[in-house]
Amino acid sequence: MSDEIIYGINPVLESLRAEKKSLNKIYMLPGRGGEEAEEIRQLARKQHATLLTAERDVLDRMARTSKHQGVVGFLSSQQY
């Protein structure tokens, strides 16, 4: 079983808002600002998701694209 990777502000935010799929880790660029980024942080804390920072090149490798908008999330392959 492997985790599903989602990337971009809106996909990660919508996943957190829906609470249907469990995001277990979220990586963000250090200093990533904006309303949406702050909402991601708040929802991640509320849902006990691990929130980490990573540099752009690391996020590029995780997402396999540079179009991640500074946010990459990992959906748990199992619901707990």
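Trainee: In which sense do β2 and β3 pair, parallel or antiparallel?

Mentor: In general, the strands of a sheet pair through backbone hydrogen bonds, in either the parallel or the antiparallel sense. In this predicted model, β2 and β3 are joined over four bridges, and Lys-25 stands opposite Thr-50 in β3. The sense in which β2 and β3 pair is parallel.

Trainee: Which strands are the edge strands of the sheet?

Mentor: The sheet is open and has four strands with mixed pairing, in the order β1-β4-β2-β3, and its twist averages 20° from one strand to the next. An edge strand here pairs on one side only, and the strands for which this holds are β1 and β3 (50-53).

Trainee: Why do the buried residues of α3 lie on the same side of that helix?

Mentor: In helix α3, which spans residues 56-63, the buried residues are Leu-59, Met-62 and Ala-63. They lie on the same side of α3 because the arc they cover around the axis is only 85°. As a general point, an α-helix has 3.6 residues a turn, so residues three or four places apart point the same way.

Trainee: Against which strands do the buried residues of α3 pack?

Mentor: Helix α3 lies across part of the sheet and runs at about 40° to β4, while just after α3 the residue Arg-64 takes a positive phi of about 60°. The strands against which the buried residues of α3 pack are β1 (4-7), β2 (23-28) and β4 (71-75).

Trainee: Which elements give two or more residues to the largest nonpolar core?

Mentor: That core has 15 residues, and those with the most contacts inside it include Val-12, Leu-16, Leu-23 and Ile-40. Leaving aside neighbours within four places in sequence, Leu-23 is in contact with residues among which are Ile-6, Val-12, Leu-16, Ala-49 and Phe-74. A second, separate core of eight residues includes Leu-29, Ala-54, Ala-63 and Val-72.

Trainee: What is the handedness of the crossing of α1 and α2, left-handed or right-handed?

Mentor: The two helices pack at an angle of about 35°, with their axes 10 Å apart. Their contact is made by residues including Val-12, Leu-13 and Leu-16 of α1 and Ala-37, Ile-40 and Leu-43 of α2. The crossing of α1 and α2 is left-handed.

Conventions. Residues numbered from 1 in each chain as written. Predicted model: local features only at pLDDT ≥ 70, side-chain atom pairs only at ≥ 80, totals over all residues. Heavy atoms only, no water. Buried < 20%, exposed > 50% of the residue type's maximum accessible area, 1.4 Å probe, protein only. Arc of directions from axis to C-beta. Contact = heavy atoms within 4.5 Å. Core = buried A, V, L, I, M, F, W, Y, C linked by side-chain atoms within 4.5 Å. Pairing = 2+ DSSP bridges. Axes fitted to C-alpha atoms, helices over the stretch in contact; angles between N-to-C directions. Left-handed = near helix turned anticlockwise from the far one by under 90°.
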